[in-house]
Amino acid sequence: MAEISIISTATVGPATPNQSSNRIELTPWELQFPLVGPVQKGLLFLHPTPPSPSPDHTIIHHLKTSLSRTLDFFYPLAGRLCTTLNNDHDTISFFIDCNGAGAQFIHAAARGVTATDILESDSVPRIVYSFFPLDGTQNRNGVSEPLLAVQVTELADGIFIGCTINHMIVDGASFWHFFNSWSDISRGSTEITVFPVFDRPFIDSPDHPIRIPRSLLVSATRRSSPFQERFFHFTKEKIAALKARANTEMATNKISSLQALMAHMWRSVIRNTRLPEDEETMYRFPVGMRPRLRPPLAPEYFGAPVRLGIVRMKVWELLKLGIGHAAWELNKVISTFTEAEAANFRESWGKNPNPFPGTSKRTSGNLLASSSPRFNVYGNDFGWGRPVAVRSGSGNKTGAKTTLFPGAEEGSIDVEAFLMPETLQSMVEDEEFMEAVTI
């Protein structure tokens with residue numbers, strides 16, 4: 001497939017720079033992420049018609065200008081991480097310095113690539129990874145690298161807007177909050193619909209700023225991956241059938257559509273990995289904490305208030321006891337993330353920090369889920385129509401992983417599966433799995 005070329009790189013700051021440099025503290029939630037990669041998501045658009053009338057009004061110029069105006073509302077994204085080496089010389093504290101240093105904006109071209117190449121390929125073409133800036137970085141590098149980087153890549157018949165944001169600054173909800181707001185400004189709005197909240201609760205304790213031992217900020221080298229990616233589409237009706245089946249098996253009505261689909265994916269991946277029945281399998285997934293606190297955090301809280309839910313069981317248990325059993329175990333783990341648990345986490349993590357490792361041991365029985373189909377992805381109209389697809393970058397893909405996106409049709413879900421090629425092929429040939437998939 002064709003190569004990509006970089007046309008220009010620029011720094012974009014807020015349209016109205018803040019004269020004072022504000023400091024935003026980080027909570028244990030955000031401080032879990034210094035060693036992992038940033039959030040990388042992007043949207044594919046078909047070429048606007050008619051074309052822009054003059055070079056001064058090109059899409060690139062327009063997107064730079066609207067990005068600058070959007071940073072007025074999301075000023076931390078134009079800042080940098082800052083570290084303090086504490087008096088003990090063995091610990092480091094992080095915070096956000098809202099210094100207006102600016103976001104990175106890259107204009108690139110891959111004119112040998114068409115939208116069809118991306119949409120209709122059996123596997124996601126690897127060139128898609130090159131549509132995202134700051135590839136391969138770690139969040140702790142935000143002390144010298146931009147916290148936000150955007151790349152607009154011109155294709156033969158469309159454009160791809162790839163966005164990379166430091167994971168110590170945002171989770172998925174905050175990522176799409178920014179993306180949605182940028183598209184609103186690009187479309188002509190003078191104000192954003194929902195204003196971000198930067199206030200940090202829980203930082204008035206003696207444990208703040210949190211001191212992270214320097215020995216915990218050493219990570220392994222990122223490994224090359226033999227994995228491939230493929231998208232599977234689940235309609236609203238197919239998901240409803242999975243939910244009904246899971247609830248029927250467990251004689252309950254408490255299993256959600258998302259829990260049923262996650263259980264279906266987990267069982268299908270492990271079944272087609274063909275592991276020994278007595279081997280343990282582990283499923284990890286993010287749990288958003290905003291609504292689980294008392295009082296709840298504002299939905300527009302701008303940060304990364306997430307925890308990692310983990311379910312373990314033997315392969316035979318996962319495969320023999322049905323989708324209902326797996327979904328119910330997910331449900332039970334999610335229900336443990338209460339206000340009391342959150343308070344305990346904040347206190348214990350503050351005293352004994354434990355950042356996520358930069359790479360995880362690649363074990364065939366482990367599967368990670370990320371993102372959410374509840375985010376507003378296809379509502380991002382920058383002024384020339386809705387996107388035709390969403391894709392993710394290479395960040396945080398060190399082992400088997402599924403990324404969940406809303407589908408283009410209401411109630412549908414697209415799952416981006418990052419797996420070994422033989423597992424993906426086996427899943428495509430698996431009648432039980434494919435019965436719920438719409439081609």
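Reader: Is Ile127 buried or exposed in this model?
Author: The model is a predicted one. Ile127 counts as buried, because its relative accessibility is 13% and the cut-off for buried is under 20%.

Reader: Where in the chain is Ile127 found?
Author: Ile127 belongs to the loop between H2 and strand S7, the latter covering residues 148-155.

Reader: Let us turn to Ser412. Where does Ser412 lie?
Author: Ser412 is in the loop between strand S15 (401-406) and strand S16 (413-419). Its relative accessibility is 5%, so Ser412 counts as buried.

Reader: Which residues does Ser412 touch, leaving out those up to four places away in sequence?
Author: With that exclusion, Ser412 is in contact with His233, Phe234, Thr235, Lys236, Ile239, Pro406 and Gly407. As for Lys236, its C-alpha atom is 4.7 Å from that of Ser412, although the two are 176 residues apart along the chain.

Reader: His233 interests me for pocket work. Which residues lie nearest the centre of the second largest pocket?
Author: His233 is one of them, together with Leu119, Phe231, Phe232 and Arg391. The lining consists of 23 residues, and the pocket holds about 560 Å³ of space.

Reader: Which elements each supply at least two residues of that lining?
Author: Helix H2 (115-119), strand S10 (228-234) and strand S14 (389-392) do. S10 gives the most, namely four residues.

Reader: A change of topic: helix H8. What span should H8 have, and what is found?
Author: H8 comprises 13 residues, 339-351, and should span 18 Å at 1.5 Å a residue; the end C-alpha atoms are 19 Å apart, which agrees.

Reader: Which residues of H8 are buried?
Author: The buried residues are Ala342, Phe345, Arg346, Trp349 and Gly350. They cover an arc of only 110 degrees around the axis, which puts them on the same side of H8.

Reader: Why would residues three or four places apart point the same way?
Author: An α-helix has 3.6 residues a turn, so residues at that spacing point the same way.

Reader: What do the buried residues of H8 pack against?
Author: They pack against strand S9 (212-213) and strand S12 (306-314).

Reader: Which exposed residues does the face turned away from the buried side carry?
Author: That face of H8 carries Ala340 and Lys351, both exposed.

Note on methods
Residues are numbered from 1 along each chain as its sequence is written. This is a predicted model: local features need pLDDT of at least 70, side-chain atom pairs count only at pLDDT 80 or more; totals for chains, interfaces and linings use all residues. Side-chain values use heavy atoms; hydrogens and water are left out. The expected span of a helix is 1.5 Å times one less than its number of residues. Buried means under 20% relative accessible area, exposed over 50%, partly exposed in between (1.4 Å probe, protein chains only). The arc is that of the directions from the helix axis to the C-beta atoms. Contact means heavy atoms within 4.5 Å. On a 1 Å grid over the protein atoms alone, a cavity is a set of points where a 1.4 Å probe fits but cannot get out, and a pocket is an open set with protein on both sides within 12 Å along at least five of seven lines; lining residues have an atom within 4 Å of a point. Grid points are joined across faces, edges and corners, and a volume is the space filled by probe spheres set on the points.
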